[in-house]
Amino acid sequence: MASSPEPPAPGWLLTGSRVAFALLALALCVATLLPIIETNQWWVRIFDFPRIQITVLIAITLAAQTTIGLLAWRWRRRAGLPGSRASRLGRVVLPALLFAALCWQLFRIAPYTPILAVQMQDARAEPGERIRLLIHNVRYDNRRSDALLELVERVDPDAVLLAEPTQWWHEAVQPLAEAYPHTVEQPQENHYGLLFYSRFELVEPDVRFLVEDEVPSIRTGVRLPSGRVVRLYGLHPKPPGLKRPVDPEREDSDQRDAELLTVAKEIKEAHDSGDDTPTIVAGDFNDVAWSHTTRLFQRVSGLLDPRIGRGLFNSFSARSRIQRYPIDHVFASEHFRLVRMEVLADIGSDHHPIVVTLALQPTAEATQDEPDPEGDDLEEAEETIEEAKEKVQEEPGS
(Lines give C-alpha, C1' and ligand atoms only; values in the text may rest on other atoms or scores of the structure.)
Protein backbone atom coordinates (compact mmCIF):
# COMPACT_ATOMS: atom_id res chain seq x y z
CA MET A 1 0.00 0.00 0.00
CA ALA A 2 1.48 3.35 -1.06
CA SER A 3 2.07 5.81 1.73
CA SER A 4 0.53 9.29 1.47
CA PRO A 5 2.98 12.03 0.49
CA GLU A 6 4.41 14.12 3.30
CA PRO A 7 3.20 17.70 3.46
CA PRO A 8 5.68 20.16 1.99
CA ALA A 9 8.06 21.85 4.38
CA PRO A 10 7.47 25.57 4.96
CA GLY A 11 10.86 26.27 3.45
CA TRP A 12 13.36 29.01 4.10
CA LEU A 13 11.05 31.71 2.75
CA LEU A 14 8.32 31.10 5.32
CA THR A 15 10.79 30.69 8.17
CA GLY A 16 12.80 33.74 7.14
CA SER A 17 9.64 35.82 6.79
CA ARG A 18 8.53 34.85 10.29
CA VAL A 19 11.86 35.90 11.76
CA ALA A 20 12.00 39.14 9.79
CA PHE A 21 8.47 40.20 10.69
CA ALA A 22 9.01 39.18 14.32
CA LEU A 23 12.04 41.48 14.53
CA LEU A 24 10.13 44.28 12.80
CA ALA A 25 7.23 43.79 15.21
CA LEU A 26 9.53 44.10 18.22
CA ALA A 27 11.15 47.23 16.74
CA LEU A 28 7.76 48.85 16.17
CA CYS A 29 6.66 48.03 19.71
CA VAL A 30 9.84 49.64 21.05
CA ALA A 31 9.30 52.71 18.81
CA THR A 32 5.80 52.99 20.27
CA LEU A 33 6.94 52.67 23.88
CA LEU A 34 9.94 55.02 23.74
CA PRO A 35 7.99 58.32 23.57
CA ILE A 36 6.19 57.35 26.79
CA ILE A 37 9.49 57.70 28.66
CA GLU A 38 9.78 61.04 30.46
CA THR A 39 13.13 62.22 29.12
CA ASN A 40 14.47 64.96 26.86
CA GLN A 41 17.05 62.71 25.19
CA TRP A 42 16.95 63.43 21.47
CA TRP A 43 17.06 59.77 20.41
CA VAL A 44 13.86 59.20 22.38
CA ARG A 45 12.06 62.42 21.48
CA ILE A 46 12.48 61.94 17.72
CA PHE A 47 10.05 59.02 18.00
CA ASP A 48 7.34 61.58 18.81
CA PHE A 49 7.35 62.58 15.16
CA PRO A 50 6.63 59.51 12.96
CA ARG A 51 3.43 58.28 14.61
CA ILE A 52 1.56 58.13 11.32
CA GLN A 53 4.37 56.22 9.63
CA ILE A 54 4.75 53.84 12.58
CA THR A 55 0.99 53.26 12.64
CA VAL A 56 0.96 52.30 8.96
CA LEU A 57 3.93 49.97 9.46
CA ILE A 58 2.25 48.37 12.48
CA ALA A 59 -0.91 47.71 10.47
CA ILE A 60 1.08 46.13 7.60
CA THR A 61 3.24 44.11 9.98
CA LEU A 62 0.24 42.95 11.99
CA ALA A 63 -1.47 41.69 8.84
CA ALA A 64 1.69 39.96 7.61
CA GLN A 65 2.52 38.49 11.04
CA THR A 66 -1.01 37.10 11.39
CA THR A 67 -0.97 35.64 7.89
CA ILE A 68 2.43 34.02 8.32
CA GLY A 69 1.43 32.64 11.72
CA LEU A 70 -1.69 31.07 10.27
CA LEU A 71 0.27 29.55 7.37
CA ALA A 72 2.81 28.05 9.77
CA TRP A 73 0.03 26.71 12.02
CA ARG A 74 -1.70 25.15 9.02
CA TRP A 75 1.50 23.45 7.87
CA ARG A 76 2.21 22.07 11.35
CA ARG A 77 -1.33 20.77 11.62
CA ARG A 78 -1.07 19.00 8.24
CA ALA A 79 2.27 17.55 9.27
CA GLY A 80 0.91 16.43 12.62
CA LEU A 81 3.61 18.38 14.45
CA PRO A 82 3.04 19.94 17.89
CA GLY A 83 3.21 23.72 18.10
CA SER A 84 6.43 25.07 19.57
CA ARG A 85 6.79 27.91 22.04
CA ALA A 86 8.35 30.04 19.30
CA SER A 87 5.40 29.27 17.06
CA ARG A 88 2.92 30.40 19.70
CA LEU A 89 5.00 33.55 20.28
CA GLY A 90 4.84 34.44 16.60
CA ARG A 91 1.20 33.50 16.18
CA VAL A 92 -0.31 34.97 19.35
CA VAL A 93 1.96 37.09 21.54
CA LEU A 94 3.57 39.32 18.92
CA PRO A 95 0.29 40.07 17.11
CA ALA A 96 -1.26 40.93 20.48
CA LEU A 97 1.59 43.32 21.26
CA LEU A 98 1.31 44.87 17.81
CA PHE A 99 -2.43 45.33 18.21
CA ALA A 100 -1.90 47.07 21.55
CA ALA A 101 0.74 49.34 19.94
CA LEU A 102 -1.64 50.10 17.08
CA CYS A 103 -4.41 51.06 19.50
CA TRP A 104 -2.06 53.34 21.42
CA GLN A 105 -0.84 55.10 18.27
CA LEU A 106 -4.40 55.59 17.03
CA PHE A 107 -5.42 56.93 20.44
CA ARG A 108 -2.73 59.62 20.21
CA ILE A 109 -3.48 60.51 16.59
CA ALA A 110 -7.30 60.42 16.78
CA PRO A 111 -7.75 63.98 18.17
CA TYR A 112 -6.16 65.32 14.99
CA THR A 113 -8.72 63.68 12.73
CA PRO A 114 -12.38 64.53 12.01
CA ILE A 115 -13.37 61.54 14.17
CA LEU A 116 -13.45 63.62 17.36
CA ALA A 117 -15.09 66.95 18.13
CA VAL A 118 -13.31 70.20 17.30
CA GLN A 119 -11.63 72.08 20.11
CA MET A 120 -11.88 75.49 18.42
CA GLN A 121 -15.36 76.11 17.05
CA ASP A 122 -16.11 77.22 13.51
CA ALA A 123 -16.70 80.94 13.18
CA ARG A 124 -20.34 81.93 13.44
CA ALA A 125 -22.25 84.46 11.41
CA GLU A 126 -22.03 87.17 14.04
CA PRO A 127 -20.12 90.44 14.33
CA GLY A 128 -16.43 90.14 14.94
CA GLU A 129 -13.04 90.98 13.54
CA ARG A 130 -10.92 88.63 11.50
CA ILE A 131 -7.19 88.26 11.33
CA ARG A 132 -5.51 86.19 8.65
CA LEU A 133 -2.00 84.98 9.44
CA LEU A 134 0.47 83.36 7.03
CA ILE A 135 3.32 81.43 8.64
CA HIS A 136 6.19 79.93 6.68
CA ASN A 137 9.65 78.53 7.36
CA VAL A 138 11.48 79.85 4.29
CA ARG A 139 14.55 77.59 4.74
CA TYR A 140 17.78 79.56 5.00
CA ASP A 141 19.32 78.33 1.71
CA ASN A 142 16.15 78.50 -0.36
CA ARG A 143 16.23 81.24 -3.01
CA ARG A 144 12.59 81.20 -4.17
CA SER A 145 11.72 84.59 -2.69
CA ASP A 146 9.68 85.38 -5.82
CA ALA A 147 7.36 82.48 -5.05
CA LEU A 148 6.82 83.75 -1.50
CA LEU A 149 6.09 87.30 -2.65
CA GLU A 150 3.60 86.01 -5.22
CA LEU A 151 1.95 83.86 -2.55
CA VAL A 152 1.57 86.77 -0.14
CA GLU A 153 0.03 88.90 -2.90
CA ARG A 154 -2.43 86.14 -3.79
CA VAL A 155 -3.40 85.08 -0.24
CA ASP A 156 -3.47 88.68 1.05
CA PRO A 157 -2.94 87.92 4.75
CA ASP A 158 -3.09 90.56 7.46
CA ALA A 159 0.25 89.44 8.87
CA VAL A 160 3.17 87.28 7.76
CA LEU A 161 5.49 85.37 10.10
CA LEU A 162 8.67 84.00 8.49
CA ALA A 163 11.01 81.59 10.25
CA GLU A 164 14.67 80.90 9.41
CA PRO A 165 15.38 84.06 7.34
CA THR A 166 18.96 85.14 6.80
CA GLN A 167 20.10 88.61 5.81
CA TRP A 168 19.65 87.54 2.17
CA TRP A 169 16.01 86.75 2.86
CA HIS A 170 15.56 90.00 4.77
CA GLU A 171 16.63 91.95 1.73
CA ALA A 172 14.72 89.76 -0.73
CA VAL A 173 11.34 90.28 0.96
CA GLN A 174 11.64 94.04 1.42
CA PRO A 175 8.76 94.59 -1.05
CA LEU A 176 6.49 93.28 1.72
CA ALA A 177 7.16 96.44 3.70
CA GLU A 178 5.02 98.46 1.28
CA ALA A 179 1.81 96.57 2.14
CA TYR A 180 2.94 95.60 5.64
CA PRO A 181 4.63 98.67 7.14
CA HIS A 182 4.63 97.43 10.74
CA THR A 183 7.51 95.02 11.23
CA VAL A 184 9.66 93.07 13.65
CA GLU A 185 12.89 92.03 11.95
CA GLN A 186 15.48 89.66 13.36
CA PRO A 187 17.35 87.99 10.47
CA GLN A 188 20.11 85.59 11.55
CA GLU A 189 22.58 83.33 9.81
CA ASN A 190 22.15 80.44 12.26
CA HIS A 191 18.74 79.24 10.94
CA TYR A 192 16.76 80.86 13.78
CA GLY A 193 15.95 84.30 12.42
CA LEU A 194 12.39 85.65 12.48
CA LEU A 195 10.60 88.28 10.40
CA PHE A 196 7.11 89.56 11.13
CA TYR A 197 5.16 91.85 8.81
CA SER A 198 1.75 93.31 9.67
CA ARG A 199 -0.65 95.70 8.00
CA PHE A 200 -2.00 96.44 11.49
CA GLU A 201 -0.19 98.64 13.99
CA LEU A 202 2.14 96.81 16.39
CA VAL A 203 2.11 97.64 20.09
CA GLU A 204 5.36 97.33 22.04
CA PRO A 205 6.99 94.82 19.65
CA ASP A 206 9.87 92.96 21.23
CA VAL A 207 12.50 90.42 20.19
CA ARG A 208 13.37 88.18 23.12
CA PHE A 209 15.86 85.40 23.79
CA LEU A 210 14.00 83.26 26.28
CA VAL A 211 16.40 80.35 26.77
CA GLU A 212 19.40 80.76 24.49
CA ASP A 213 21.16 83.91 23.26
CA GLU A 214 21.11 82.64 19.68
CA VAL A 215 17.42 81.68 19.45
CA PRO A 216 15.03 84.67 19.26
CA SER A 217 11.28 84.84 19.67
CA ILE A 218 8.80 87.64 19.04
CA ARG A 219 6.17 89.11 21.33
CA THR A 220 4.03 91.98 20.14
CA GLY A 221 0.61 93.49 20.42
CA VAL A 222 -1.37 93.81 17.20
CA ARG A 223 -3.95 96.59 17.13
CA LEU A 224 -6.95 95.59 15.03
CA PRO A 225 -8.96 98.19 13.09
CA SER A 226 -11.49 98.36 15.95
CA GLY A 227 -8.70 99.38 18.30
CA ARG A 228 -8.66 96.11 20.24
CA VAL A 229 -5.18 94.70 20.81
CA VAL A 230 -4.29 91.05 20.24
CA ARG A 231 -1.09 89.64 21.73
CA LEU A 232 0.96 87.55 19.32
CA TYR A 233 4.00 85.34 19.93
CA GLY A 234 6.23 84.09 17.12
CA LEU A 235 8.45 81.08 17.92
CA HIS A 236 11.06 78.88 16.27
CA PRO A 237 12.95 76.82 18.89
CA LYS A 238 15.69 74.30 18.11
CA PRO A 239 14.69 70.79 17.03
CA PRO A 240 15.88 67.69 18.91
CA GLY A 241 18.52 65.65 17.11
CA LEU A 242 20.26 68.67 15.58
CA LYS A 243 24.08 68.53 15.66
CA ARG A 244 25.56 71.02 18.07
CA PRO A 245 28.07 73.47 16.61
CA VAL A 246 30.57 73.17 19.48
CA ASP A 247 30.74 69.40 19.92
CA PRO A 248 29.79 66.14 18.18
CA GLU A 249 26.74 65.64 20.39
CA ARG A 250 23.20 66.31 19.24
CA GLU A 251 20.63 68.65 20.74
CA ASP A 252 18.21 67.16 23.22
CA SER A 253 14.69 68.56 23.42
CA ASP A 254 15.18 70.44 26.70
CA GLN A 255 15.80 73.89 25.19
CA ARG A 256 12.92 73.56 22.72
CA ASP A 257 10.61 72.39 25.48
CA ALA A 258 11.73 75.19 27.81
CA GLU A 259 11.03 77.89 25.22
CA LEU A 260 7.54 76.59 24.49
CA LEU A 261 6.72 76.20 28.18
CA THR A 262 8.15 79.63 29.08
CA VAL A 263 5.62 81.21 26.73
CA ALA A 264 2.85 78.94 28.02
CA LYS A 265 3.63 79.91 31.61
CA GLU A 266 3.71 83.61 30.71
CA ILE A 267 0.29 83.36 29.05
CA LYS A 268 -1.16 81.55 32.07
CA GLU A 269 0.25 84.08 34.53
CA ALA A 270 -1.19 86.95 32.49
CA HIS A 271 -4.58 85.23 32.40
CA ASP A 272 -4.51 84.49 36.14
CA SER A 273 -3.70 88.15 36.85
CA GLY A 274 -6.87 89.26 35.06
CA ASP A 275 -5.31 90.12 31.70
CA ASP A 276 -7.98 89.14 29.16
CA THR A 277 -5.98 90.02 26.04
CA PRO A 278 -6.76 87.68 23.13
CA THR A 279 -3.62 85.70 22.38
CA ILE A 280 -2.12 83.89 19.39
CA VAL A 281 1.04 81.76 19.36
CA ALA A 282 2.41 80.78 15.95
CA GLY A 283 5.53 79.45 14.31
CA ASP A 284 7.65 76.42 13.59
CA PHE A 285 7.64 74.61 16.92
CA ASN A 286 9.92 71.81 15.69
CA ASP A 287 7.49 69.59 17.55
CA VAL A 288 4.44 67.62 16.47
CA ALA A 289 0.92 68.38 17.63
CA TRP A 290 0.51 65.11 19.58
CA SER A 291 3.79 65.17 21.54
CA HIS A 292 3.82 65.36 25.32
CA THR A 293 5.50 68.79 25.18
CA THR A 294 2.98 70.41 22.82
CA ARG A 295 0.04 68.97 24.75
CA LEU A 296 1.63 70.23 27.98
CA PHE A 297 2.10 73.63 26.32
CA GLN A 298 -1.62 73.66 25.57
CA ARG A 299 -2.72 72.68 29.06
CA VAL A 300 -0.48 75.25 30.73
CA SER A 301 -1.27 78.10 28.32
CA GLY A 302 -4.97 77.30 27.97
CA LEU A 303 -4.81 77.91 24.22
CA LEU A 304 -6.96 76.11 21.66
CA ASP A 305 -5.64 74.04 18.76
CA PRO A 306 -7.61 74.50 15.51
CA ARG A 307 -6.23 71.15 14.26
CA ILE A 308 -8.12 69.12 16.85
CA GLY A 309 -11.19 67.57 15.28
CA ARG A 310 -10.24 68.72 11.77
CA GLY A 311 -7.06 67.07 10.53
CA LEU A 312 -3.29 66.78 10.68
CA PHE A 313 -2.39 69.73 8.42
CA ASN A 314 1.10 68.34 7.84
CA SER A 315 3.52 71.10 6.86
CA PHE A 316 6.90 69.36 6.91
CA SER A 317 8.57 67.99 4.86
CA ALA A 318 7.49 69.45 1.54
CA ARG A 319 10.20 67.31 -0.07
CA SER A 320 8.78 63.95 0.95
CA ARG A 321 5.37 62.31 0.68
CA ILE A 322 6.30 59.82 3.40
CA GLN A 323 8.05 61.92 6.04
CA ARG A 324 5.25 64.38 6.75
CA TYR A 325 4.65 65.92 10.18
CA PRO A 326 2.51 68.74 11.66
CA ILE A 327 5.22 70.98 13.17
CA ASP A 328 4.11 74.47 12.07
CA HIS A 329 1.42 75.65 14.47
CA VAL A 330 -1.10 78.32 15.31
CA PHE A 331 -2.71 78.25 18.76
CA ALA A 332 -5.20 80.84 19.97
CA SER A 333 -7.11 81.75 23.12
CA GLU A 334 -10.80 81.02 23.57
CA HIS A 335 -11.63 84.52 22.28
CA PHE A 336 -11.24 83.22 18.72
CA ARG A 337 -13.14 80.88 16.44
CA LEU A 338 -11.72 79.38 13.27
CA VAL A 339 -12.71 80.67 9.86
CA ARG A 340 -10.25 78.61 7.83
CA MET A 341 -6.95 76.77 8.15
CA GLU A 342 -5.10 75.61 5.08
CA VAL A 343 -1.75 74.06 4.16
CA LEU A 344 -0.61 75.68 0.92
CA ALA A 345 1.39 74.30 -1.99
CA ASP A 346 5.16 73.93 -1.96
CA ILE A 347 6.97 77.17 -2.87
CA GLY A 348 10.58 76.02 -2.64
CA SER A 349 11.19 75.49 1.08
CA ASP A 350 11.13 72.18 2.94
CA HIS A 351 8.05 73.51 4.78
CA HIS A 352 4.64 74.17 3.29
CA PRO A 353 3.18 77.58 4.16
CA ILE A 354 0.14 77.59 6.43
CA VAL A 355 -2.56 80.26 6.41
CA VAL A 356 -5.01 80.56 9.28
CA THR A 357 -7.95 82.94 9.52
CA LEU A 358 -9.33 83.54 13.01
CA ALA A 359 -12.46 85.41 14.04
CA LEU A 360 -12.48 87.41 17.25
CA GLN A 361 -16.14 87.05 18.23
CA PRO A 362 -17.98 88.27 21.35
CA THR A 363 -19.58 84.93 22.28
CA ALA A 364 -16.55 82.71 21.61
CA GLU A 365 -15.13 82.91 25.12
CA ALA A 366 -18.43 81.82 26.67
CA THR A 367 -18.94 78.82 24.41
CA GLN A 368 -15.45 77.30 24.29
CA ASP A 369 -13.61 75.44 27.03
CA GLU A 370 -9.93 76.17 27.37
CA PRO A 371 -7.55 73.34 28.34
CA ASP A 372 -6.55 73.30 32.01
CA PRO A 373 -3.39 72.07 33.73
CA GLU A 374 -3.55 68.52 35.05
CA GLY A 375 -1.78 66.97 38.03
CA ASP A 376 1.77 68.25 38.27
CA ASP A 377 1.77 70.04 34.87
CA LEU A 378 2.82 73.37 36.35
CA GLU A 379 5.62 71.82 38.38
CA GLU A 380 6.84 69.90 35.33
CA ALA A 381 6.84 73.04 33.21
CA GLU A 382 8.78 74.99 35.84
CA GLU A 383 11.29 72.19 36.28
CA THR A 384 11.81 71.88 32.52
CA ILE A 385 12.47 75.61 32.20
CA GLU A 386 14.92 75.74 35.10
CA GLU A 387 16.87 72.67 33.99
CA ALA A 388 17.23 74.00 30.44
CA LYS A 389 18.48 77.40 31.63
CA GLU A 390 20.98 75.78 33.97
CA LYS A 391 22.24 73.58 31.12
CA VAL A 392 22.67 76.60 28.84
CA GLN A 393 24.68 78.42 31.54
CA GLU A 394 26.98 75.42 31.91
CA GLU A 395 27.75 75.17 28.19
CA PRO A 396 31.08 76.53 26.90
CA GLY A 397 30.90 80.14 25.81
CA SER A 398 27.75 80.93 27.76
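A salt bridge is here a side-chain nitrogen of Lys or Arg within 4 Å of a carboxyl oxygen of Asp or Glu. In this predicted model, the side chains of Glu-342 and Arg-340 meet that description, with 3.2 Å from N to O. Glu-342 has a relative accessibility of 28% and therefore counts as partly exposed, since the partly exposed class lies between the buried residues, under 20%, and the exposed ones, over 50%.

The chain in which this pair sits has eleven helices and eleven strands. Of its 398 residues, 51% count as buried, while the accessible surface of the protein comes to about 18800 Å², with 56% of that area belonging to carbon and sulfur atoms. When contacts with a separation of 6 or more are considered, 70% of them are accounted for by residues 24 or more positions apart.

The structure holds 25 salt bridges, and some of them can be followed from one part of the chain to another. Asp-275 and Arg-231 are joined through their side chains at 2.7 Å, N to O. Because Asp-275 lies in the loop between helix H8 (254-272) and strand S8 (279-284), and Arg-231 in strand S7 (residues 229-235), this pair ties together parts that are 44 residues apart in sequence. The relative accessibility of Asp-275 is 26%, so that this residue counts as partly exposed.

A second salt bridge is formed by the side chains of Asp-252 and Lys-391, at 3.5 Å from N to O. This pair links distant parts of the chain, for Asp-252 is in the loop between S7 and H8 and Lys-391 is in helix H11, 139 residues apart. As to their cover, Asp-252 counts as buried because its relative accessibility is 9%, whereas Lys-391, at 22%, counts as partly exposed. Salt bridges also occur as a network, in which Glu-212, Glu-214, Lys-238 and Glu-251 are linked.

Glu-387 belongs to a negative surface patch, whose other members are Glu-38, Asp-376, Glu-379, Glu-383, Glu-386, Glu-390 and Glu-394.

The backbone, finally, deserves a look at several loop positions. Phe-316 and Ser-317 are joined by a cis peptide bond, with omega at about 5 degrees, and Ser-317 is placed in the loop between helix H9 (292-301) and strand S9 (328-332). Glu-164, a residue other than glycine, has a positive phi, near 75 degrees; this residue lies in the loop between strand S2 (159-163) and helix H6 (167-172), and its relative accessibility of 10% means that Glu-164 counts as buried. His-191 likewise has a positive phi in a residue other than glycine, with a value near 80 degrees. The loop that holds His-191 runs between strand S3 (182-186) and strand S4 (194-198), and at 30% relative accessibility His-191 counts as partly exposed.

Terms used: Residues are numbered from 1 along each chain as its sequence is written. Side-chain values use heavy atoms; hydrogens and water are left out. Patches are made of residues with over 30% relative accessible area and no salt bridge: like charges are joined within 9 Å, nonpolar side chains (Val, Leu, Ile, Met, Phe, Trp, Tyr) within 5 Å. Accessible areas come from the Shrake-Rupley method with a 1.4 Å probe; for residues, only the protein chains shown count as cover. Lys and Arg count as positive and Asp and Glu as negative; His and the chain ends are not counted. The place of a charge is taken as NZ of Lys, CZ of Arg, CG of Asp or CD of Glu. Helices (H or I, at least four residues) and strands (E, at least two) are DSSP runs, numbered from the N terminus. Buried means under 20% relative accessible area, exposed over 50%, partly exposed in between (1.4 Å probe, protein chains only). Contact means heavy atoms within 4.5 Å.
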